[in-house]
Amino acid sequence: MVHIMKGELTQEEKELLEVIRKGTVQEAGTLLANKNVRVNCLDENGMTPLMHAAYKGKLDMCKLLLRHGADVNCHQHEHGYTALMFAALSGYKDIVWVMLEAGAETDVVNSVGRTAAQMAAFVGQHDCVTVINNFFPRERLDYYTKPQGLDKESKLPPKLAGPLHKIITTTNLHPVKIVMLVNENPLLAEAAALSKCYKVMDLICEKCMKQRDMNEVLAMKTHYISCIFQKCINFLKDGENKLDTLIKSLLKGRATDGFPTYQEKIVRESIRKFPYCEATLLQQLVRSIAPVEIGSDPTAFSVLNQAITGQVGFIDVEFCTTCGEKGASKRCSVCKMVIYCDQTCQKIHWFTHKKICKNLKDIYEKQQLKAAKEKRKEENDGKLDVNSNCINEEQPEAETDPSQEDADQEDSSPKDPVEGDEESHKSDAGLEGVQDGPAGPQASEE
Ligand SMILES: [Zn+2]
Ligand SMILES: [Zn+2]
């Protein structure tokens, strides 16, 4: 490779750096086609165009530069910063992700010995830390598909690497979702295969804890996945696939309020069984969960999920009651209190939800009345939503707030549950999309 000197930029390269700061991707593309522009040129501080783009948070620029062969691991910066470090320091997690996918090494250190994750943690960019810690390149798993040392056989059959990698890199760690991912793949849904998988998860967990730059997040994640796999194995034992039974057990709500106690216990148990009791993350989790009575908030899953993926239950994001998938938007048309990805998730949940659906409906109606009263009171007081910028407008109706939309339909079109055969996986209740108009329940039966 041609040695590139710091600060010796051609006129066009200077222009490129300027365009990265202020211009468009098209302009940058034109410049990159110019033979006087080297994609890995270095400014006087040893920064490449990619580092500049990462630092400025220009995602599309980063992608363009990478397509043009930008070196994601260039390490010529005066303080040893890489493009990944610039992205992480500035808090651009999308760019962090793109860098990682482009092969950015996470264990490179800057001139004072800090990795990108450590630098991001130091400046409080925790989302970026999470993205880096959760990143798990396929190669790291492929390592286990080859016999190592004196082993005759590999620890992981190559055909399992793909499906297993999909599970490790999932951002939805809901136990039901993991069992679903296992269940949907015939290669995985088998006791012998899962045994191999959970042992590999345990090995990765151990490695994460013993490496110099410890990664407790990935260690906890792989340990947790291992525990769920072991549960699956128990339900696959007699050569029969009973993962549907496991899913039902995980969803079954207790009589009083429908809270899924078994699921809570499974998640708590898996955290407790984490083999490295000195881990800070473990202690944090235990401190958050131990004082919580089963059935109260926060659930063990929400605490674990937040610690691993950094996701907080944002108010404007809805999670599927069955599988925890983000962005679920279909509501039970009877109680309007639970939300699902789709009818499949609703059907899976119905066996237990049907027992409390009517109660939830009452609660929902009371909430609506209360909210309506409060709204009237607020309007009378002339009080304004503090979060609203629309000072002169009527209280804006948030589109994502389903209660507002449903309130209008409530009296005019009561939704009768669709008739159905209760015990055959079919659901009585219809589904409605939050964004849908005042349509009746969607017939959920075929
Ligand atoms: Zn779902
Ligand atoms: Zn319901």
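**Before selecting anything**

Residues are numbered from 1 along each chain as its sequence is written, while chains are lettered from A and ligands numbered from 1 in the order in which they are written. Because the model is predicted, local features need a pLDDT of at least 70 and side-chain atom pairs count only at pLDDT 80 or more, whereas totals for chains, interfaces and linings use all residues.

**Whole chain, coloured by confidence**

Colour the protein by pLDDT, the predictor's confidence in each residue on a scale from 0 to 100; the average is 84, and 83% of the residues score at least 70. Residues 388–427 fall below 50, and this stretch has 48 contacts in the model beyond near neighbours in sequence, a contact being two residues whose C-beta atoms, placed from the backbone, lie within 7 Å. Residues 434–446 are also below 50, with 29 such contacts.

Switch to a cartoon, and the protein shows 20 helices and 3 strands; these are DSSP runs numbered from the N terminus, with helices (H or I) of at least four residues and strands (E) of at least two. Of the 446 residues, 35% count as buried, where buried means that 20 or more other C-beta atoms, placed from the backbone, lie within 10 Å of the residue's own.

**Helix H8, residues 126–134**

Helix H8 is mostly covered, with 7 of its 9 residues buried, among them Cys 128, Val 129 and Ile 132. Show the partners as well: the buried residues of H8 pack against helices H5 (83–90), H6 (93–101) and H7 (116–122), and also against H13 and H17.

Select residues 216–234 to see helix H13, whose 19 residues reach 27 Å from the first C-alpha to the last, close to the 27 Å expected at 1.5 Å a residue, that is, 1.5 Å times one less than the number of residues. Because 16 of its 19 residues are buried, H13 is largely enclosed by the rest of the structure.

A nonpolar core is a set of buried Ala, Val, Leu, Ile, Met, Phe, Trp, Tyr and Cys residues joined through C-beta atoms within 7 Å. In the largest one, of 64 residues, Val 179, Cys 197, Cys 232 and Leu 304 touch the most other members, and H13 supplies the largest share, 10 residues. Domain 2 (136–312) and domain 3 (314–381 + 399–446) both contribute, so this core lies between them; the domain bounds come from an automatic or database assignment.

Centre on Leu 304, which, leaving aside neighbours within four places in sequence, is in contact with Leu 173, Tyr 224, Val 267, Ile 271 and Leu 285. A second, separate core of 46 residues includes Leu 64, Leu 84, Met 85 and Leu 100.

**Two backbone details**

Go to Pro 298, in the loop between helix H16 (280–289) and helix H17 (300–309), where the peptide bond from Asp 297 is cis, with omega near -5°.

Then select residues 320–357, given by UniProt (unreviewed entry) as "domain: MYND-type"; this span is 32% helix and 13% strand. Finish at Lys 336, in the loop between strand E1 (330–332) and strand E2 (339–340), whose phi is near 60°, a positive value in a residue other than glycine. Lys 336 is buried, with 25 other C-beta atoms within 10 Å.

Methods
A residue is buried if 20 or more other C-beta atoms lie within 10 Å of its own, exposed if 12 or fewer, and partly exposed in between; C-beta atoms are placed from the backbone. UniProt positions are given in the numbering used here, feature names are shortened, and annotations may be inferred rather than shown by experiment.
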